[in-house]
Amino acid sequence: MTTIADLREQVRGPVMESSDDGYDEHRLVHNGMHDRRPALIVRAAATADAVAVVNYAREAGLDLAIRGGGHSVPGYGTCDGGVVLDLSPMNNVFVDRAKRTARSGGGATWGDFNHATHAYGLATTGGIISTTGVAGLTLGGGIGYLARGCGLSCDNLVSAEVVTADGRILVASEYENEDLFWALRGGSGNFGVVTSLELALHDVGTIYGGPMFFEVADAPAVMRAYDDYIQEAPEQLGAFFAWQTAPPLPFIPEDRHGDKFCVMVTCWSGRPEQGEQMIKPFRDAAQVKAELVGPMPYPALNSAFDALAPKGTRQYWKADFVRDLSDEAIAAHVEHGPRVPTLPSTMHVYSINGAAGRVGPEESAFSHRDARYAMVIAGFWPDPADDEAVIRWVRDYYAAVHPYSGTQGGYVNFMSGDDAERAPENYGTTYDRLRAVKATYDPGNLFHMNQNVAPA
Ligand SMILES: Cc1cc2nc3c(=O)[nH]c(=O)nc-3n(C[C@H](O)[C@H](O)[C@H](O)COP(=O)(O)OP(=O)(O)OC[C@H]3O[C@@H](n4cnc5c(N)ncnc54)[C@H](O)[C@@H]3O)c2cc1C
């Protein structure tokens, strides 16, 4: 039996018990609601460390939490009494200009990734903020500004290095371990520790876009314009609808700080000079009251909202895929959205048609290809005294809009812990095959701290 002392010898990264320096900092994840105390935290320096930790946790029969960027809302990147494998030191990103791919360490964030690729005028689909992990976001699907033009993040996965539950190091790609490769593209962290990911890159350097704020009274017109336009809009246009309490920023008139607005956030990744024409249908929908729209480096837009949700912010979310934005759905949004209870809380409707929608529902584990939107009601708040009020707002809002979604499932990466029983609907038509692949690579369900797929 391997002891903790043996493990310290086997790995290069720091191994922390509760009495060690840094333990309190590293046991915490992004969602401040999770105050958990793992028995051991290992900050991996290399794939070999991941192998040692997987073997240790399996032999000791301990819970194993794999942490990439640490942004899981249910806090799957930490645990009580088990082992945390924190991959965040493995954050190198190497660009292969000739192949137009980048290889990212299993603990890199989108900020790390964009920083490396932007120097070459290249990017791939990441999320809408830069602090989320490349691995966790890609493995669950990956929805962001570039999804209509470049596909989901997981559609851009070319290969991955994976440490499986039995401690083997495998490569998964179109040519090797194809079933594992299929499962990694939407099946979340169920199949092993992904120590590196190779992602396809696209010509995206300077984009045109940013947030446009409209009056709440104009929300029905703005949502309807969004729904009408985004179905056929050129695919290099990414856009999402949001509710937002105006933060005290210079581009918003001072007397409107703290007021509620609805917002369209756009990202045109074609030629910047075409950008105004591309977002005109939103300007035509209603009068813009404040905006921060223009040409900017893609990483600037990708990090523009980071400050709204710093580490430690409390979070509770609910989510659905959405087929159509019916008038009834819009009415329910307009009733609940403007009641948004805290400044960072929001609701986003992301468009996932275009390139993301053209992938077949069984081609990868991410099956909800016929949904036009992914919707998330995201409660963010700093003060525990607001827990009840914010959670109630999220649940009431969700109960009002869910009947109009036209689908039972939601995006696994937007789920809170109390939605774990929705896994079959959330994975959708690929769930049974995911269970079979899980039985091949992780029959004992060592990797269970995730949106879990039970082995068949
Ligand atoms: C503020 C915020 C903004 C977000 N914005 C977006 C967005 O725009 N688009 C979007 O699609 N999603 C978004 N998300 C959701 C995000 O995709 C998920 O929270 C995702 O799981 C985060 O990945 P992570 O690596 O940061 O998290 P972690 O908590 O580290 O991991 C999350 C899950 O992935 C697994 N995992 C992580 N890394 C690895 C690895 N290397 N190998 C194996 N398994 C791993 C973990 O075990 C866990 O189950 C956002 C989340 C937050 C909190």
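How do the residues of the shell around the ligand divide into nonpolar, polar and charged? The points below answer this and go on to the pocket and the strands.

1. **Basis.** This is a predicted model: local features need pLDDT of at least 70, side-chain atom pairs count only at pLDDT 80 or more, and totals for chains, interfaces and linings use all residues. Residues are numbered from 1 along each chain as its sequence is written, and side-chain values use heavy atoms, with hydrogens and water left out.

2. **The shell.** The shell residues divide into 16 nonpolar, 17 polar and one charged. Here Ala, Val, Leu, Ile, Met, Phe, Trp, Tyr, Cys and Pro count as nonpolar, Asp, Glu, Lys and Arg as charged, and the others, Gly among them, as polar. There are 34 residues around the ligand, each with a heavy atom within 4 Å of it. Gly-68, Gly-70, Ile-128, Ile-143 and Tyr-411 come nearest.

3. **Polar contacts.** These are pairs of N or O atoms within 3.5 Å. A backbone N or O atom of Gly-68 sits 2.6 Å from a ligand oxygen. For Gly-69 the distance from such a backbone atom to a ligand oxygen is 2.8 Å. A polar backbone atom of His-71 is 3.0 Å from an oxygen of the ligand.

4. **Burial.** Alone, the ligand exposes 930 Å², and the protein buries 97% of that. The areas come from the Shrake-Rupley method with a 1.4 Å probe.

5. **Elements in the shell.** Strand E3 (64-67), helix H5 (134-140), strand E10 (193-200) and strand E17 (314-322) each give two or more residues. H5 gives the largest share, four residues. Helices (at least four residues) and strands (at least two) are DSSP runs, numbered from the N terminus.

6. **Second largest pocket.** Its space is about 250 Å³. A pocket is an open set of points on a 1 Å grid where a 1.4 Å probe fits, with protein on both sides within 12 Å along at least five of seven lines; lining residues have an atom within 4 Å of a point. The volume is the space filled by probe spheres set on the points. Of 19 lining residues, Arg-67, Gly-68, Gly-69, Ser-88 and Lys-311 lie nearest the centre. The lining has two nonpolar, eleven polar and six charged residues.

7. **Open sheet.** Four strands run in the order E1-E2-E4-E3, with mixed pairing. E1 (15-16) and E3 stand at the edges with a single partner strand each, so one side of each lacks a neighbour in the sheet. Strands pair if DSSP finds at least two bridges between them.

Key: Polar contact = N/O pair within 3.5 Å; in protein donor to acceptor, adjacent residues only side chain to side chain.
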